[in-house]
Structure formats: C-alpha cells, structure tokens
Amino acid sequence: MTGAAPAGGSAAPARAGGSAAPAPGRRGVRTALGVLGAVLLGGLVWEGYKAVGDPDGTLLFGVRVLPRADDAAMPHLTEILGRFGDPERVGGDPIWLVVTNAGLVTLRSVAVGFLAGALVGLLLAVLMQRLRWVRRGLLPYVVLSQTVPLIALAPVIAGWGGRLSIGSYPWQPWMSVATIAAYLAFFPIAVGLLRGLTSPAPIAEELMRSYAAGWWRTLVKLRLPAATPYLYPALRLAGAAAVVGAVVGEISTGTRGGIGRLVIEYSREATTDPAKVYTALLGAVLLGLLVAGVVGLAEILLTPGRRASMR
Amino acid sequence: MTTTEHEPAVEITGVTKVFNPGRPDRVTALTGVDLTVRRGEFVSLIGPSGCGKSTLLRLVADLIPVSEGTVRVAGKPARTARLDREYGIAFQQAGLFEWRTVQRNVELPLELRGTGRRERRVRAREMLELVGLADFAGHYPAQLSGGMQQRVAIARALAVHPPLLLMDEPFGALDEMTRERLQDELLRVCARTGTSTIFVTHSIPEAVYLSDRVVVMSARPGRITAEIDIELAQRNETTRQTAEFFAGITRVRQALRGGPAAQRPDEAGPVGEAEPADPAVSR
C-alpha cells in the first residue's frame, strides 16, 4: 500500500480493499498454478515409476519396499481418466456422473460437519478463554477426544443417531457422517482460536479495562480481531479434517451414496477393473481440494488488504 | 464530565499495595503513600526500578485494587472514576490495535463510549492534528515508526477529553530527539486542554522539564521520599539550558540519592553532568 492521501473513516476500508485487490488476485493465480504444477508432477511421478519400476515390486530382505508397477496395481493414467467416461457397469451411468453425485453427497456432510464443528470450536474456545476452570477441566478432554479411534466411534454415533429426530424430521444417515466430520473439525478451531483469543498483550487488556469495556466488548473489539491470524490456519486444518471425517465416517458407518462408500465398493472390483477404484479415489482428492479452495478463497475475501500488502 | 470544580484531580490517602498476600512470594509494592494532584497540575513520579511508581499509576487507574487506603479520582472512588471514564491512559508500548487504521485506533475509546460515528471522526481528526499525524489517519500501525505510534497512543488517550491523563513511561522507548519533541507536544496539549497529568518516568531531565511537581520514590518497600516543586518561568527549547532547569535536576538527583535536598548540597554533581540522568537513578 502506498502512502496516498488517505480518505478518513468508513471510506478507508473500502479504499484499502480496492487498492489491495490485485494482490489477492495475483496470490490466487499463483496458488492455482501451484496446484496445477503439483498435479502434473504427481502424474509424472506415477507414470515415471511405472516405466522404470519392477512390475513385481522391489523386495529388500524379503520386505517389499516399492509397490508393484504392473497394470493391475498401477493402471496408466490414460486408462484411469478414460474409465471416467465409461459406464459404471453394463448399461449404467458413466463413472464421472456417479463419482460427481457421490462427491456432492459427501460434500453436504463435509459442509454441515465443517460449519457445526467451527461453531462448536468457537464456543468452546470462547468458553475456555472466559473461565479458567473450564479451560483446565475441558482442554484435556478436547485433546483426548481426538485420540479415540474413529472406527470405534462411528458405529456409536450412527447408533445414537438412529434414535434421534429433529422435530418431526427423522435422523438421516448422512447426519451421522456430518457429526463425525464435525467431531474432527472442531478440534483445530477450538485449540487455534483459544490461542488467538489469549494472544493480546496485557496492556491491550488493561487498555480495554481502562475504557470500562466489559467481557463482551473486549471479546468483540479486541480478542476476536486479534485471533483472526490464528483462525485461518485452524480453518484449513478443520476443512481437511472434515473431509477425512466424512469419507471415513461413510465407510465405517456403512452409509450409502457418498464417495467413501464408492471407494469401498470399487475396491472390491480392484482385481478385475483396477482403474475403477482410482476414479473414486481421485473423486475424494478433488473433494479435498475443493474444500481447501473454498476455505482459502474465504480467507482471501475476508482478509483486509493490509495483511496482503504487509507480507 | 461530572468532575466537581473544587475536588483535587487525584487524592491518594494511606495507600498500601501487597501482591500475592499470604503467599511465600508476597511483595509489598507500596506502603503508606499519600499524594494529592491538583486540577491542571502536571506531576511526575520518578524512582529506581521496583519503587512501585507504575503500580501507583495502575492503582489510580483502577487496573489493580488497593490493599489498604483510598484512591479518589475527581472526587470519586477509583473504580467509579474508571467506569465514568475520567482518565485517559498511555503506556510505554503504544499498544495500538494493528488491525485498525490510525484513525480507528484513536476512535476506539469514543466507540466504547457510544459516541456517534460523525462526532467520533471529527474528534479523532482533531486529536491527530494535535499530535501532527493528520496525514496518517488511513495508515495501519505497522506502517508507522515507534515515535509516531506513541503519538497515536497519546492522541487515543486524549480523544475522550479526559480531565486526567495517566502516562507510564510513554517516551521510554524513544530516541532522544523524538522524546524532546513529544515532551513539548505533550506540554502544549496539556496546557491547551487543562488536563491534569500523572507521568511516570526514569529520566530526571524529563521529569523536571515537564512537571509542576516531581514526586521522588524509593524501593523496598515502595514509598514517597520527597516532593519537589519545579518552577520554571517557561518551558521551551531554551529552558533546557537555563540554570533553574539544572538546579531542578540537581535537587531531584539529590533526593533520589536519598536525603532531603537542602541538607546535602555537597553531593550535588557539577551542573554539566546533569544530562546522563538515567545511570544516576540506577546507581
């Protein structure tokens, strides 16, 4: 940002956003190019290994240290991409349509789980900042919650969900999946935001006290704005966690329709149709990239221009 | 402002402050402090590290509670005065909110008082002009130098037109040139607004230059050992070379060395050595 004569008051933020617009834009283009480059590199590594690797894998003292490179284990990329156009089974929809639909089903669980997790994380962080005894009592459980194996937890959540209903609307299986996604997503937010809420210097807090500002005003005017640099990395972690939670949740609760289920179904056909399972896997990867992209975009849109200009 | 005309700006009576009472790490920061600051008076607190001068300031600001005694600000208990926003405060660090522009930083105390948007803007403008930073209203704190940030902090402290200004080594982290310029600016502002001021400092020349009265404190336990009235005919560039200025410095220095100024004239250093004041304090 240059030292142009600044307009005062409410005009200033608008100006800052306007003048800083090229910076986030350029950042977005650079990120997109980076993603594209990473995808190309991944493809090259795949085909490269396939070209030079031993079809039966490489053994070292009887232990396989490199995977098989034959067509059953690692189909050619062209074959995998081509498989998207073919029907799922004889007379069925093409695979790209099936994977896309499954991706959208999972995306709903991811989105709902992410938002619910973010909300729970926010409330927990605020509560833990406000009350020391809550922090002391709750934080160990928050950490502990992430060490419970998801596989063990998923059937329990699905079982509880079966007995619940929201008003007259019965509990849907995808809600169990969303709950599992939220269960993973709330953690980085709660921990990251707690860190951010407690980040202001003591003199900033004294200043608010000298203004006779109560807890709520201190939260809104000082703690939350001070916490935003901690919030964005937490949101990215939460986004990734929500995707993992939803996919694994679908698999371990046996929920139909989503991409997690598709991975399991297609892997059963891995010996006869090896390219098929990779289509579902690619679908899951794209879903993860999509969520990461949305969170990143939200960050760029919500960040005042000055942060971009200061980096 | 609800200040009654005849009340002193600050009245401290028999104040003692003990940190961590009843614990092994108990510290008596202040004992038996009495101090009255008249309206419009500029009072400096000076003393070695650990003498409790910052603690005393925080007691006046009601940022920490007293253990014994009473603190009254503008005729009210300190807590009521804080809730009524009877004072503005500035610390050694500017403590600006980095996500707000300079303008919005100065507006913050007004915002918390519920002042309307239009008046906030006008008032913040006025304060920034006072400290000579009107051109930087749209900048963010990270784009300013340390001295400029400190001026913003002072503008912020003055924005609500407080009858009392509390300053805790506000120029401590600044270079000598910036420091002297800000001292002049502060005097100008205080004179124009009729603000009473309590100013904590480590620097003898700074205390003498700014103050109507210098309050000398000593440590372990923190207490007031002397109060020295400073009478300078005027305060400007030339004042710093006058004999009365050096005389004031000498008296404060003697008081800091422990002993009533009048009784120990032989300990007065040569007048020319008055400049490097800080080492003398720490000795």
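Two strands are taken to pair if DSSP finds at least two bridges between them. In the predicted model described here, strands E6 and E7 of chain B meet this condition, with parallel pairing over 4 bridges. Within this pair, Ala90(B) has Met167(B) of E7(B) as its bridge partner. The side chains of strand E6 (residues 87-90) of chain B are divided between two directions: Tyr87(B) and Ile89(B) point one way, Gly88(B) and Ala90(B) point the other way, and all are buried.

Apart from neighbours within four places in sequence, Glu169(B) is in contact with Gln92(B), Val200(B), Thr201(B) and His202(B). Glu169(B) and Ala90(B) are 79 residues apart along the chain, but their C-alpha atoms are separated by 8.3 Å.

A further set of strands in chain B forms an open sheet. This sheet has 4 strands in the order E2-E1-E4-E5, and the pairing is antiparallel. Strand E2 (27-37) and strand E5 (76-77) of chain B stand at the edges and have a single partner strand each, so one side of each is left without a neighbour in the sheet. In general, the strands of a sheet pair through backbone hydrogen bonds, in either the parallel or the antiparallel sense. Strand E1 (residues 10-19) of chain B pairs with E2(B) over 7 bridges in the antiparallel sense. Glu11(B) stands opposite Thr36(B) in E2(B).

The helices of chain B were examined next. Helix H1 (residues 53-60) of chain B is mostly covered, with 7 of its 8 residues buried. These buried residues are Lys53(B), Thr55(B), Leu56(B), Leu57(B), Arg58(B), Leu59(B) and Val60(B). Just after H1(B), Asp62(B) takes a positive phi of about 60°.

Helix H3 (residues 102-112) and helix H5 (residues 146-158) of chain B pack at an angle of about 30°, and their axes are 7 Å apart. The crossing of H3(B) and H5(B) is right-handed. On the side of H3(B), Val102(B), Asn105(B), Val106(B), Leu108(B) and Pro109(B) take part, and they meet Val152(B), Ala155(B) and Arg156(B) in H5(B). By class, this contact of H3(B) with H5(B) has 6 nonpolar, 1 polar and 1 charged residues.

A cis peptide bond joins Arg220(B) and Pro221(B), with omega at about -10°. Arg220(B) lies in this loop between E9 and E10 of chain B as well, and has a positive phi of about 45° although it is not a glycine. Arg220(B) counts as exposed because it has 12 C-beta neighbours inside 10 Å, and the exposed class holds residues with 12 or fewer.

Chain A has 12 helices and 4 strands. Of its 311 residues, 32% count as buried. Among contacts in chain A between residues at least 6 apart in sequence, 73% join residues at least 24 apart. Ala212(A), in the loop between H8 and H9 of chain A, is not a glycine but has a positive phi of about 60°. With 17 other C-beta atoms within 10 Å, Ala212(A) is partly exposed.

The contact between the chains takes 20 residues from chain A and 22 residues from chain B. On the side of chain A that touches chain B, the elements giving two or more residues are helix H8 (202-210), helix H9 (215-253) and helix H12 (305-310) of chain A. H8(A) gives the most to this side, with 6 residues. By class, this side of chain A has 13 nonpolar, 3 polar and 4 charged residues.

The predictor gives the complex an ipTM of 0.81 and a pTM of 0.76. For chain B, the mean pLDDT is 85, and 89% of its residues reach 70 or more. Confidence in chain B is highest in strand E3 (residues 42-46), at 95, and lowest in helix H9 (residues 277-282), at a mean of 43. Over residues 261-283 of chain B, pLDDT stays under 50, and the model has 31 contacts beyond four places in sequence for these residues.

Technical notes
Residues are numbered from 1 along each chain as its sequence is written. Chains are lettered from A and ligands numbered from 1 in the order in which they are written. This is a predicted model: local features need pLDDT of at least 70, side-chain atom pairs count only at pLDDT 80 or more; totals for chains, interfaces and linings use all residues. Two residues are in contact if their C-beta atoms, placed from the backbone, lie within 7 Å. Ala, Val, Leu, Ile, Met, Phe, Trp, Tyr, Cys and Pro count as nonpolar, Asp, Glu, Lys and Arg as charged, and the others, Gly among them, as polar. A residue is buried if 20 or more other C-beta atoms lie within 10 Å of its own, exposed if 12 or fewer, and partly exposed in between; C-beta atoms are placed from the backbone. pLDDT is the predictor's confidence in each residue, from 0 to 100. Axes are lines fitted to C-alpha atoms, for helices over the stretch in contact, and angles run from 0 to 180 degrees between N-to-C directions. A crossing is left-handed if the near helix is turned anticlockwise from the far one by less than a right angle, and right-handed if clockwise.
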